[in-house]
Amino acid sequence: MSVAVVAPNEPPIVGIVVDETAPARSAVIAAIEAAGARFELWTPATAIARGAAAEAVVFDLAASSLERLLPVAAVLDGDPRTRWKPRVFVVDEDVPASRLASFGAGALVPAIASPETFGLAIERALEQAQARRDAHALARSSVDDLRALERTLVAVQQDGATLSHDARVLFGVILGFAANMRDGFAGPITEEQRQHVQNILDASNDAATLLERYASALRRAIPRSSEPAQATAARVATRQHHDLGELVRATVALFHGIASAKQIRLAAEASRALFAWCDPMQVKQALVNLLSNALKFTPAGGRVNVSVRPGPLDPARSAAMARPDVEIVVSDTGPGIPEHERSRVLERGVRLERDLAMPGTGHGLAIVRDVAELHGGLVRIDETPGGGASIALVVPADRRGRSGEQAAVSVSSAPPRAYSVPPSSARST
Amino acid sequence: MSRTGAHILLVDDHPKALEPFEMRLKALGHRTTTAHNGEVAMGIVERDRPDLVVLDVTMPEMNGYQACRAIKRIDPKIGVIILTAKTEAADRFWASQSGADDFLNKPIDPAALVQRIEALLTPS
């Protein structure tokens, strides 16, 4: 882009296109100088040569000079360097009104106007030029900023991928030695020691999975065009028939410490085995997010309850179902989620205004929704009797005859399947 | 029943990564050799013709995929397991392109790795 740049402290130039036979009007010259600019007198030829150097162009028109001067405007229009230069047309009384429309964009000033009117027209033209230059500079720096941001994001992505990889290698070493100890390859081990080592193994596995999720989230955030399929492939759940009762009990156990510190009564109703067709690690992450939210928003003295149960039969979904869904419901006695906000809070990065003072990123519930979608399930938000929020993660109980497989591989293009129902039509339990 | 007394070559540039696998495979009656880069591994493959090779991917000199292709050129009967912390779909693809018999991600429970090794050693 070649936008004429005026050096600082150098007065801007205003060109006056004038017929060689007619002297420039002194009122125009006085107005230019009063605006702090410098004037140049241009014949049609110099106007074309010097146009790019000027801030604005004044056409000094009389009936006799119209045919010679107006073509200059057309030439300036055809050059990207001069097309935008603000124009002022000073028009003699003898110019027929019918010709005015052919001048093109610009300010029209009658030659008999007062010096103030000339002054105003010139000032406006100079302001327009300045505004144009400011806008250009802003656009240029915005593009520069965006490019810098993009470079930073790519660097963060690469660092994240390297971190995830290297840490997984180290977790491999931890896991290797711990598993050998567990299995007696490093000498005899008591049952209690074996249990401790198993805890190390479980935590290492979970940590490694979280790291992989982090790297995978970074890959999704900055998709590379050469690998279109990976964004989805990386998220497809590795599923098995898994007992959600056991999963809930084990996960809730991790939160008893936080709950008692906040004087919240945390209970799990998961007495019997209830199998679901799911990726247990993903369901565990979703449950961790739901529990973190519930404990964050529930005031001291409140309750957080987690239950696992067969899901309600949904008329829209039951036809294809071999067995009903299984749902994990986390209910709290916090402020609840207003009905009109329920679908919005499942979107990535969305936080309710009232919660902005609390820590959080607005990703927790979006991840829960992602997990639900990957399983061909859904998230349902209700109200706990008496106020709080009651959020259900619903996943299929059985792999047979389900559309879940399809949902899992096409999630990136599928519309959100999460929905909420009002408390009045909530489940019958 | 899987056969015992097989010769397994373990290749990884991380010094501690192979120890747990070695310990366990030896205890189960297998013979193990270790190498810390692809080139050294290729020398051992040429000379000793192991029954199975466990290959890391990210290594100096020659990466795991290249080593895998070279091993399969020397003797396609030598089993190759790629064991890597690289988890993208593309990595699984490259492993299959290089002729690997199995692709596993780190971290892995050595019990699970040994199970895969013995499955490959068992003539089907």
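A residue counts as buried if 20 or more other C-beta atoms lie within 10 Å of its own, as exposed if 12 or fewer do, and as partly exposed in between, with C-beta atoms placed from the backbone. This is a predicted model, in which local features need pLDDT of at least 70 and side-chain atom pairs count only at pLDDT 80 or more, while totals for chains, interfaces and linings use all residues. Residues are numbered from 1 along each chain as its sequence is written, and chains are lettered from A and ligands numbered from 1 in the order in which they are written. Helices (H or I, at least four residues) and strands (E, at least two) are DSSP runs, numbered from the N terminus. Two residues are in contact if their C-beta atoms, placed from the backbone, lie within 7 Å.

**The two chains**

- Chain A holds 11 helices and 12 strands, and 35% of its 429 residues count as buried.
- Among the contacts in chain A with a separation of 6 or more, 73% join residues 24 or more positions apart.
- Chain B has 5 helices and 5 strands, which run β-α-β-α-β-α-β-α-β-α from the N terminus on.
- In chain B, 42% of the 124 residues count as buried, and residues 24 or more positions apart make up 63% of the contacts with a separation of 6 or more.

**Where the chains meet**

- The contact takes 22 residues from chain A and 20 residues from chain B.
- On the side of chain A that touches chain B, helix H4 (115-182), helix H5 (191-221) and helix H6 (230-233) of chain A each supply at least two residues.
- H4(A) gives the largest share of that side, 11 residues.
- The side of chain A that touches chain B has 11 nonpolar, 7 polar and 4 charged residues; Ala, Val, Leu, Ile, Met, Phe, Trp, Tyr, Cys and Pro count as nonpolar, Asp, Glu, Lys and Arg as charged, and the others, Gly among them, as polar.

**Helix H2 of chain B**

- H2(B) covers residues 38-48, and Gly38(B), Ala41(B), Met42(B) and Val45(B) are buried in it.
- Seen down the axis of H2(B), these buried residues fall within an arc of 100°, so they line one face of the helix; the arc is that of the directions from the helix axis to the C-beta atoms.
- An α-helix has 3.6 residues a turn, so residues three or four places apart point the same way.
- Gly43(B), Arg47(B) and Asp48(B) are exposed, on the face of H2(B) turned away from its buried side.
- The buried residues of H2(B) pack against strand S1 (7-11), strand S2 (31-35), strand S3 (52-55) and helix H3 (64-74) of chain B.
- Arg49(B) follows H2(B) and has a positive phi, near 45°.

**Helix pairs**

- In chain A, the axes of helix H7 (residues 244-253) and helix H9 (residues 280-297) come within 10 Å and cross at roughly 45°. Axes are lines fitted to C-alpha atoms, for helices over the stretch in contact, and angles run from 0 to 180 degrees between N-to-C directions.
- H7(A) and H9(A) are therefore oblique to each other; angles under 35 degrees count as roughly parallel, over 145 as roughly antiparallel, 65 to 115 as roughly perpendicular and the rest as oblique.
- Leu244(A), Leu247(A), Val248(A) and Thr251(A) of H7(A) meet Pro280(A), Val283(A), Lys284(A), Leu287(A) and Val288(A) of H9(A). The residues of this contact divide into 7 nonpolar, 1 polar and 1 charged.
- In chain B, helix H1 (residues 19-27) and helix H5 (residues 110-121) pack at an angle of about 55°, with their axes 10 Å apart. That makes H1(B) oblique to H5(B).
- Pro20(B), Phe21(B), Arg24(B) and Leu25(B) of H1(B) make the contact with Pro110(B), Leu113(B) and Val114(B) of H5(B). By class, this contact has 6 nonpolar, no polar and 1 charged residues.

**Buried sites in chain A**

- Helix H10 (residues 364-374) of chain A is mostly covered, with 9 of its 11 residues buried. The buried residues include Arg369(A), Asp370(A) and Glu373(A).
- Gly376(A), with a positive phi near 70°, follows H10(A).
- Leu266(A) lies in strand S7 (residues 265-269) of chain A and is buried, with 23 other C-beta atoms within 10 Å.
- Not counting residues up to four places away in sequence, Leu266(A) touches Val252(A), Phe255(A), His256(A), Ala259(A) and Val304(A).
- The C-alpha atoms of Leu266(A) and Asn305(A) are separated by 5.8 Å, although these residues are 39 residues apart along the chain.
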